Amino acid sequence: MAKKKQLAGKSTKLAKLPLTQALARRAEEQLRERALPADTSISPPHEGRAHGPLAAAYLYLLQELTALHRQLTPGSNPPSPHHSLPYHLLGAPEIKRALTLARQGLHELQHLLSQA
Amino acid sequence: MSFITAVLNQKGGTGKTTTTVNLGAALAYQGYRTLLVDLDPQGHTTIGLGIEPEAIRESMCEVMTVPKKRIQDVAMDTYIPGLDVAPATIHLARAAEQVYTRVFREAILAQALRGLDYDFILIDCPPSLGVLTTNSLYACGFIIIPCQISRYSLDGLADLLTTIDSVKNLGLEELFQENIFRILLTMFDKRNRVTNEYILEQLKPYQDKTFRTIIMKNEALNQAQIAQKAIFDFDPRSSGAQDYLHLTSEFLEIWRKRNNLPASPPSLQSCR
């Protein structure tokens with residue numbers, strides 16, 4: 001087995017120390033704060049949720065899709081896009097997946113609009 | 001008022017003495033009156049500055065065991081102007097046992113260091129968590145923890161932080177919010193890539209509590225010990241000398257912040 005693999009998951013006394021855990025939590029919070037977008041007009045901040053330009057774009061996309069959904073199916077009550085904002089900063093594979101899903105959704109919408 | 005700093009790690013061979021000697025020398029060369037307190041019975045800080053055990057009449061042993069014995073009575077000049085050392089001999093090991101019977105035994109060193117006319121006092125601690133180390137923790141306002149890149153050093157660091165927490169009577173919040181300690185990575189060898197990656201990952205939460213300066217493994221530092229000189233006198237062009245100069249700048253930065261003093265660029269010329 002590769003030497004590096006044998007080290008994976010090996011924890012130390014230091015890692016279990018409450019001070020280490022408190023410092024790690026603080027570093028994570030600081031990272032989130034740094035990722036806050038300069039312009040928050042699109043996305044009002046939600047406590048404990050991920051922010052940043054990607055989150056704002058994601059939210060904007062959801063808002064647009066919800067508005068279209070309302071137009072096409074009047075009377076229905078889709079969930080607020082704010083509730084769909086992810087709790088964590090999205091990783092590259094998750095963004096790719098979200099964009100694929102959005103593209104599928106847009107295709108379906110296009111189909112519905114052509115029927116309307 | 002002196003800025004009292006303990007150089008501390010209960011694990012042996014992490015670079016406590018090398019750090020005490022070279023940081024002390026750099027401070028003295030930059031014009032700061034500095035005292036090194038050798039609290040390790042091995043007396044390596046004392047020997048490292050060219051003082052042979054036979055030349056010592058009184059040492060930290062007397063300070064720790066004789067009531068009201070003053071540091072001024074035992075402190076000796078070194079070959080570096082402005083740098084004094086309160087020496088240690090092997091007798092200090094026995095003294096540690098005697099100290100246990102004294103009242104306020106944790107505060108003996110703090111009392112002895114009170115009102116001394118030095119800008120900086122650096123305490124070289126023994127590699128243990130006994131009464132001598134507790135004394136230095138009680139006396140100091142800042143702690144440097146030299147830490148080697150090894151798994152056992154991390155475990156030792158955990159024990160040490162727990163001890164600091166209990167001796168200084170600090171809560172978790174105070175310990176990480178206040179400028180109480182800094183970890184100093186020593187004997188860093190770039191070739192040990194996998195170990196370095198693992199240890200640095202483990203130390204990530206302590207990024208703000210770690211000196212930016214890393215002391216790289218450097219043969220000149222070992223040779224300077226044999227020559228009984230500070231690295232600035234033995235080989236001022238070595239990477240070891242440069243590393244300790246950078247450490248001194250960072251250390252002074254912390255000291256200035258603590259005392260609300262204006263920032264000042266390090267004076268490279270003043271170190272030989």
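Across the interface of chain A and chain B in this predicted model, one salt bridge is found. Its partners are the side chains of B:Asp159 and A:Lys13, which meet at 3.0 Å, N to O. Polar contacts between chain A and chain B, counted where both residues are at pLDDT 80 or more, number six residue pairs. On the side of chain A that touches chain B, the elements giving two or more residues are α1 (3-7), α2 (13-16) and α3 (18-34) of chain A. Of these, α3(A) gives the most, with eight residues. By residue class, this side of chain A divides into nine nonpolar, four polar and four charged residues.

The contact draws 17 residues from chain A and 20 residues from chain B. The size of an interface is often given as the accessible area lost when the parts come together. For chain A and chain B the buried area is about 1,800 Å², and carbon and sulfur atoms give 68% of that area.

Chain A has five helices and zero strands, and its pattern along the sequence reads α-α-α-α-α. Of the 116 residues in chain A, 21% are buried. Among the contacts in chain A with a separation of 6 or more, 50% are between residues 24 or more positions apart.

Helix α1 of chain B (residues 16-29) has 14 residues and reaches 20 Å from its first C-alpha to its last, close to the 20 Å expected at 1.5 Å a residue. Because 14 of the 14 residues of α1(B) are buried, this helix is largely enclosed by the rest of the structure. B:Gly31, which follows α1(B), has a positive phi, near 95°.

Helix α13 of chain B comprises 20 residues (residues 239-258) and should therefore span 28 Å at 1.5 Å a residue; the end C-alpha atoms are 29 Å apart, in agreement with that value. This helix is mostly covered, with 14 of the 20 residues of α13(B) buried. Just after α13(B), B:Asn260 adopts a positive phi of about 55°.

B:Asp233 is placed in helix α12 of chain B (residues 231-234). The relative accessibility of B:Asp233 is 14%, so this residue counts as buried, the cut-off being under 20%. The side chain of B:Asp233 makes a polar contact with the side chain of B:Tyr29, at 2.6 Å. B:Tyr29 itself lies within the range of α1(B), residues 16-29.

B:Leu185 is found in strand β7 of chain B (residues 181-186). With a relative accessible area of 4%, B:Leu185 is buried. Apart from neighbours within four places in sequence, B:Leu185 is in contact with B:Cys147, B:Ile149, B:Leu200, B:Leu203, B:Thr210, B:Ile214 and B:Ile215. One of these residues, B:Ile214, is 29 residues from B:Leu185 along the chain, while the C-alpha atoms of the pair are separated by 5.2 Å.

Definitions and conventions. Residues are numbered from 1 along each chain as its sequence is written. Chains are lettered from A and ligands numbered from 1 in the order in which they are written. This is a predicted model: local features need pLDDT of at least 70, side-chain atom pairs count only at pLDDT 80 or more; totals for chains, interfaces and linings use all residues. Side-chain values use heavy atoms; hydrogens and water are left out. Helices (H or I, at least four residues) and strands (E, at least two) are DSSP runs, numbered from the N terminus. Buried means under 20% relative accessible area, exposed over 50%, partly exposed in between (1.4 Å probe, protein chains only). A polar contact is a pair of N or O atoms within 3.5 Å; within protein, one must be able to donate a hydrogen and the other to accept it, and residues adjacent in sequence count only if both atoms are side-chain atoms. The expected span of a helix is 1.5 Å times one less than its number of residues. Contact means heavy atoms within 4.5 Å. Buried area is the accessible area (1.4 Å probe) that two parts lose on being put together, summed over both. A salt bridge is a side-chain nitrogen of Lys or Arg within 4 Å of a carboxyl oxygen of Asp or Glu. Ala, Val, Leu, Ile, Met, Phe, Trp, Tyr, Cys and Pro count as nonpolar, Asp, Glu, Lys and Arg as charged, and the others, Gly among them, as polar.
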